Amino acid sequence: MKFSQSSKTAILLSIVIHLSFLNLCFGTRKLTSLYQPPPMVLSYHKGVLLEGKLPVSILWYGKFTPSQKAIVSDFLLSLNPKNELSSSSSSSAKPSVSLWWKTIETYMKKAGKKQTQVILSTQMSIENYPMGKILKKSQITELTQKMNSKPGNLVLVLTDKDVAVEGFCMSNCGFHGSNLKKNSAFIWVGNSVTQCPGQCAWPFHQPIYGPQTSPLVAPNGDVGLDGMIVNIASLLAGTVTNPFGKGYYQGSANAHLEASSACPGVYGKGAYPGYAGELLVDSGSGASYNAHGVNGRKYLLPAVFDPSTSSCTTMV
């Protein structure tokens with residue numbers, strides 16, 4: 001088969017164009033594979049941190065059983081390694097809650113501050129809902145004032161499953177705030193078991209969105225309270241390292257990532273959206289956990305962003 005000169009020229013031009021396009025495709029693929037997103041950095045903005053001895057008071061708003069209160073109290077006690085050593089059972093079990101807290105100590109060290117030692121202080125129960133069962137955020141601040149805490153202290157306000165708080169389930173599972181005049185901070189967390197467990201008690205309940213995998217068994221047998229522990233731990237990490245808005249965070253002051261909120265949904269190695277990661281499982285109850293606490297407690301704690309490695313660190 002013979003080709004005219006014009007046909008030969010057209011074929012040659014077509015080959016050149018295809019080769020050029022092929023090289024362009026390879027070049028684009030190569031550039032994409034070489035791209036590495038910049039590492040996340042939680043910068044220190046030179047503000048006050050909650051350093052040294054940190055008394056934490058608890059205000060229980062609504063009805064909580066003694067066993068529910070013990071789950072939270074034992075978690076706070078477990079943050080101090082001295083309490084774990086004096087515990088009558090599982091005192092040497094690893095990984096421990098106090099080991100999880102050591103990542104927060106990294107923040108304090110980098111800022112030249114004293115290590116934060118959490119101390120369980122006073123507790124108050126308000127069971128008759130004097131402010132009602134639908135609260136505004138400003139009313140949470142009012143509740144903290146009932147504790148008469150000293151400057152530098154932290155108040156933990158916990159509301160029961162029947163109490164709805166402004167923004168709860170719609171935009172948050174809890175929040176932390178502060179009173180600059182009194183140099184004090186507070187955390188609020190609600191029991192989501194009847195309102196939005198798929199959002200605020202995951203992975204102990206099926207998620208609202210995404211893959212509907214089987215929920216994990218709660219380590220303390222209480223979906224609502226074990227979910228609260230996850231949020232308390234996350235907010236405690238953020239409060240200590242950024243109590244007044246000038247501590248450690250990334251992003252704008254009004255929409256930032258903190259020590260634990262930078263690692264959402266991560267509890268163990270290999271975690272990805274909808275999967276909490278590889279966790280420890282209790283042989284008797286089948287419960288999933290990643291940290292041991294005082295009095296034989298087991299907890300599932302969220303990953304914390306490690307400033308020394310610029311990555312989310314997990315217990316297991």
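Student: What should I know before I start?

Tutor: Residues are numbered from 1 along each chain as its sequence is written. The model is predicted, so local features need pLDDT of at least 70, side-chain atom pairs count only at pLDDT 80 or more, and totals for chains, interfaces and linings use all residues, while side-chain values use heavy atoms, leaving out hydrogens and water.

Student: What is the average pLDDT of the protein chain?

Tutor: pLDDT is the predictor's confidence in each residue, from 0 to 100. Here the chain averages 86, and 85% of the residues score at least 70. Over residues 6-33, though, pLDDT stays under 50. Where pLDDT is low, the predicted coordinates should not be read in detail.

Student: How many residues does the largest nonpolar core have?

Tutor: A nonpolar core is a set of buried (under 20% relative accessible area, 1.4 Å probe, protein chains only) Ala, Val, Leu, Ile, Met, Phe, Trp, Tyr and Cys residues joined through side-chain atoms within 4.5 Å. The largest one has 49 residues, and V72 is among those with the most contacts inside it. Contact means heavy atoms within 4.5 Å. Leaving aside neighbours within four places in sequence, V72 touches I58, W60, L156, L158, L225, I229 and I232.

Student: Which residues of α2 are buried?

Tutor: Helices are DSSP runs (H or I, at least four residues), and strands are too (E, at least two), numbered from the N terminus. In α2, the buried ones are Q68, K69, I71, V72, S73, D74, F75, L76 and S78.

Student: Which way do β2 and β5 run?

Tutor: Two strands pair if DSSP finds at least two bridges between them. β2 and β5 run parallel, joined by six bridges, and I58 has L156 in β5 as its bridge partner.

How values were computed
Buried < 20%, exposed > 50% of the residue type's maximum accessible area, 1.4 Å probe, protein only.
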